[in-house]
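Reader: I am new to this one. Please show me how to read its features.

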Amino acid sequence: MWRGGAIAASAARALRSRLIPDPIHHPATSLTPIASARASSSAPSAAAANNVVEEAAAAAVSVSQQAGSVSNALHHYGRCYWELSKARLSALVVATSGAGYVLGSGNVVDIAGLCCTCAGTMMVAASANTLNQVFEIKNDAKMKRTMRRPLPSGRISPAHAAMWATSVGAAGTALLAWKANGLAAGLAASNLVLYAFVYTPLKQIHPVNTWVGAVVGAIPPLLGWAAASTELSLNAMVLPAALYYWQIPHFMALAYLCRDDYLAGGYRMFSFADPSGKKTAWVSLRNCLYMLPLGLFAYNWGLSSEWFGLEASLLTMGLTIGALSFVLEPSPKTARRMFYGSLLYLPAFMAGLLLHRLPNEQKVHNLTEKSELDGVLYGADLQDDQRARQKYEDRKPSRGQSRPPVAYASVAPFPFLPVPIYES
């Protein structure tokens, strides 16, 4: 019995050693259950940390996607607004308006006023060009050079474009009325109406639209002059007249070169009834001849020095030669040459006029009269102040004559004696 019990006890110890290793002889094996227990207890915390990291990464990706969408939207609409405003054409309008402002100024040009006038003109021009495209969506969709504009291509809706035009036009007119004067704001508003609601529909009705458009292009210099001098005079008409006559050969050449495109768009241009191009060329030459005396007028009317008269005559002669070549040989080659010549003529004419300009005598005279009137009013105000001060001094109650100190001293020690009376 004892031997059997010993054998059973040894067998039990052997089984126990297999199931539970000895920590002394097998330390790593004995720590495995503890490590597994710790790992099992730390597993939920690691999983939670991984979830937090994944959520943060997802949030960062979402924010970056939203920022990217906002950036894309700003780029998209900014590009659409740029094209709707016809920024290059509007910049030319702003340049002519700024030139008119400088010509209408006196000895010193108000830079702040010039900047506000240019900004207001830019906004009104952008509004007019946008409304022009809103009214001509179907026509632009038929022409190769305009079918990729924002409205025909569907990149922006007509209602959105109309809202943009209304807001920017109102803002530009309000800026001119606030920082310039009512005359400048009125010219800007009238030019907006003339371009968007008269010239634009007239393009599909009658070829006279070219001359109406020339009037629209001649108004911005008057706007600038009015903003600077608050009035219009005879010498203010030199640059507007140059712009009016310049636009005729410029757009005649363009209409001749793009006859098929304009015909596909449904526009009525002068060149459609002139297959040979002879009448178009003669109209261009006639308006170039009208520009020849403008330099002399600028000198005689005190707008510029005599040098500009010579320079303007030479410039106009060059453009006239181009128009004459178009008359002698009506062809796309000569029309394109006259068109490029007109592109060079206008900036050179304006640069010479600004370089040789003389201060606006009427503006200087008005400033002198204003300063003299201010001086007279200031002197009158000083005299009035002096009279009022004198009256105030006269009306102030006179203080009683103070008695000498002896009188007070005689009263104190001898109250029974009368106070001495001193005669002045």
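Author: We will take the rings, then the charges over rings, then a surface patch. This is a predicted model, where local features need pLDDT of at least 70, side-chain atom pairs count only at pLDDT 80 or more, and totals for chains, interfaces and linings use all residues. Residues are numbered from 1 along each chain as its sequence is written, and side-chain values use heavy atoms, with hydrogens and water left out.

Reader: How many aromatic pairs does the structure hold?

Author: Rings of Phe, Tyr and Trp (its six-membered ring) pair if their centres lie within 6.5 Å; planes under 30 degrees apart are stacked, over 60 edge-to-face, the rest tilted. The structure holds 13 such pairs. Phe308 is in helix α13 (residues 306–328) and Phe349 in helix α14 (residues 332–355), 41 residues apart. Helices are DSSP runs (H or I, at least four residues), numbered from the N terminus.

Reader: Are Phe308 and Phe349 buried or exposed?

Author: Buried means under 20% relative accessible area, exposed over 50%, partly exposed in between (1.4 Å probe, protein chains only). Both Phe308 and Phe349 are buried.

Reader: Which residues form one aromatic cluster?

Author: Tyr77, Tyr81 and Trp164 do.

Reader: Where does Lys179 lie?

Author: A charge sits over a ring if NZ of Lys or CZ of Arg is within 6 Å of the ring centre and within 35 degrees of the ring normal. Lys179 lies over the face of Trp178, at 4.1 Å from the ring centre. Lys203 lies over Tyr267's face, at 4.6 Å.

Reader: Where is Met237 placed?

Author: Met237 is in the loop between α8 (209–229) and α9 (238–257). Met237 counts as partly exposed because its relative accessibility is 35%.

Definitions and conventions
Helix = DSSP H or I, 4+ residues; strand = E, 2+ residues; numbered from the N terminus.
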